[in-house]
There are 2 protein chains.
Amino acid sequence: MAAARTDNQVTGIGLLGLGIVGSAVARAVIERHRTEDSSASLKVVAAVVRNTSRPRAVDIDSSIVSTDPKSVIANPEVGIVVELMGGEEPAFDYITTALKAGKHVVTANKEVMCKRGSELLATAAENNVKLFYEASVGGGIPIIGPLMNDLTANRIQSVRAIINGTTNFILTKMANEGADFNDVLSEAQELGYAESDPSADVDGYDALYKISVLARLAYHTEVPVDVIYREGIREVHAKDFRYAKELGFTIKLLAVAQASNETGLLARVHPALISFDVPMASVNGVLNAVEVEGDMVGPLWFQGPGAGPEPTASAVMGDVLRIVKGAPSNGSGTATTQPFEIASMSDHFCQYYIRITVSDQAGVLANVARVLGDADISINSVLQKDTDIENGHADLVIMTHPAREANMQKAVSSINELDSVLRLDNLLRVENYAE
Amino acid sequence: MAAARTDNQVTGIGLLGLGIVGSAVARAVIERHRTEDSSASLKVVAAVVRNTSRPRAVDIDSSIVSTDPKSVIANPEVGIVVELMGGEEPAFDYITTALKAGKHVVTANKEVMCKRGSELLATAAENNVKLFYEASVGGGIPIIGPLMNDLTANRIQSVRAIINGTTNFILTKMANEGADFNDVLSEAQELGYAESDPSADVDGYDALYKISVLARLAYHTEVPVDVIYREGIREVHAKDFRYAKELGFTIKLLAVAQASNETGLLARVHPALISFDVPMASVNGVLNAVEVEGDMVGPLWFQGPGAGPEPTASAVMGDVLRIVKGAPSNGSGTATTQPFEIASMSDHFCQYYIRITVSDQAGVLANVARVLGDADISINSVLQKDTDIENGHADLVIMTHPAREANMQKAVSSINELDSVLRLDNLLRVENYAE
């Protein structure tokens, strides 16, 4: 720890990971923080890689590169460990080891900060060192800093985000080109915007980790993975964009955490219909956006590149320099003092978009309307589309008035049992922006 | 100073000003920071008003209210002085006195931070106390915090902002309703969105103070009032919105600071034509938005309520709690180490919109085009509008290709001397968002 706070001294950085983000961090340190007049004099003194023979996107002395994380952490020249490996283990083990060895840690790892963040923050506090993680959510967008420092007098009412660039890229393409999910996913994979195993992104896990991290900060409440509602984008079809557009909406993968003393705290990740009138509808491509509503400040909007080596390195370096300047450790700060109860998704209340393949015969709508009515759900509008005369099918698209999730799930079962219903193709929630 | 950093102790707040913002701060302190389990235990221990008999929007013990700022500053119970008086003097005097007395200061005063900010920050450093001023720019939007802390590894390329709610309210109304400036100004005054003397807002002074404060932080460079180009919105007419719209633009009062080693640093406040395609065009009403472009992070966007007692109090309280938590003093932090040269507006390079009342006769456009050509300015497009056959007048609206400001000013003189030109009604700059 002695090495970390310096004035005319060098702070040694140990990098766990020297891929594209690690190389960008190393470049920033090398190019920007060797000047004598800078109060922040930094130096990369050790780096861990999986394979020392692989070429790197940064000119770094090969003698400081190794494959042994523990030796980097133990290196007495290392004052700040920068963890860029990702995943829960072994990252958790290495971060814990570093904190216990009196090293400050900066991480870009949303998964470990979601699943084990409170343990790690407690370990940092016990060892009187800092653990900062701005880069774990929203890439280069300052969002953790504002929640930790700038908005601390507020009771946060909602955090709503488009926080996964891969899915936003895919959904934007689907919206603009009428393309199908699988085609756009292949294209995103070719462009390097999606992994060969795309599950972390398209099934919503990445967004879930991030909203959990933001919710902990905003609400002083642990929001474990298994209490967050999660639904990915694989079931969103080109048709849904077409029909949603006719109704005045686009479709985005939203991550939301809302809390009040009355309702408790609900966190959810799912594709949502968003009215073209609200700004979230215009966040396109790989952009990320986070909307935070505080009771004093009102609605705030943060937007920028949510991923990429340089934006991520910007956030990592911001945290490194924060430590060098002596920023206080600070788990959280908003005006809430008591953790919230976790609310159930069953109590979520919103409008629903339902797409059903029905037999094209009289009385179908009446049957569906009756089933919805039995569950206390009333209909706002109906489209009948793509009538297939040969096979006697049609698409029935229903927009409901606001209803309770539990009631809707009951209605869904009953709709599926109707003779005239061939299948309920999709059920999507409409994001409620009512004041 | 001993009173300011506490754990189980109360930090005393002295309020210089108990108007609508001061009352909102006092309410926040009273409602939110008396809890025993909060690490931040705050108390308003003294407040200064002009008139002690006036009713207040907060329930505060009248025995702590006085008309004497010096006694509040000297009060040994006061650890943090919150300055909400505005203006250069006597605010500068009071802040200096407080800092020299070892008190931390939080201010919402853009004018004093623009004109005397570097002196005040130096005084704070000399006395080992903190001076924070998040509320001075953008109301509740965290923008100074991100520049001080989160973006410190970046070389900032541009800061572009809609940063004055009053003028944005007026221009938005003019755009939506085709109304004239004076009518909308009167309406804004009735609604309380504009002062009875509107000059600080509509002539661009408020925006100028704010962009100067942001430029100091972003570029480590003093940008005094007299080197910032300033032009208000009084000369923007309903007609200009009509013609701009035909060309694909709206009109906003922008405050911009851009810098590079090649060009130096140019700060400017003026109405600008903004393409409907860029997000700034959609920032409407009293909203504020700040776009920051950093070389690592890329373009970031911050948006929210730029004024109002509660948003301003949110920013003030964020700074107060920052001090209580022990945040480091930090004048600036971005990766620039040398101040920039100040550039001249004469070298600014952009497209121009020119509206001219001409005699409706052959050869007029040729004459104007010749004069522009002589100044090395070529024409992108031309509209002839509102031909008044009776009087033989017409509006000639010219959009140029990008040109140098000095050349344009030369051309303007020559255009005014043409026989066929009755008057050059307006010259507006087009904001250049080229990548």
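Guide: A:Phe302 stands opposite B:Phe302, a residue of strand 12 of chain B. This is a predicted model, in which local features need pLDDT of at least 70 and side-chain atom pairs count only at pLDDT 80 or more, while totals for chains, interfaces and linings use all residues. Residues are numbered from 1 along each chain as its sequence is written, and chains are lettered from A and ligands numbered from 1 in the order in which they are written.

Strand 12 of chain A and strand 12 of chain B (residues 298-305) run antiparallel and are joined by three bridges; two strands pair if DSSP finds at least two bridges between them. Helices (H or I, at least four residues) and strands (E, at least two) are DSSP runs, numbered from the N terminus.

Around this pairing, 44 residues of chain A are in contact with 44 residues of chain B, contact requiring C-beta atoms, placed from the backbone, within 7 Å. The elements of chain A that give two or more residues to its side are helix 1 (20-32), helix 5 (144-150), strand 12 (298-305) and helix 11 (309-325). Helix 11 of chain A gives the most, with nine residues.

As for symmetry, a rotation of 180 degrees with 0.0 Å of shift along its axis superposes chain A on chain B (RMSD 0.0 Å), which is the relation of a two-fold axis. The superposition is by least squares on the C-alpha atoms of residues with pLDDT of at least 70 in both copies. The copies meet through the same surface, because 100% of the interface residues of chain A are also interface residues in chain B.

Definitions and conventions:
Two residues are in contact if their C-beta atoms, placed from the backbone, lie within 7 Å.
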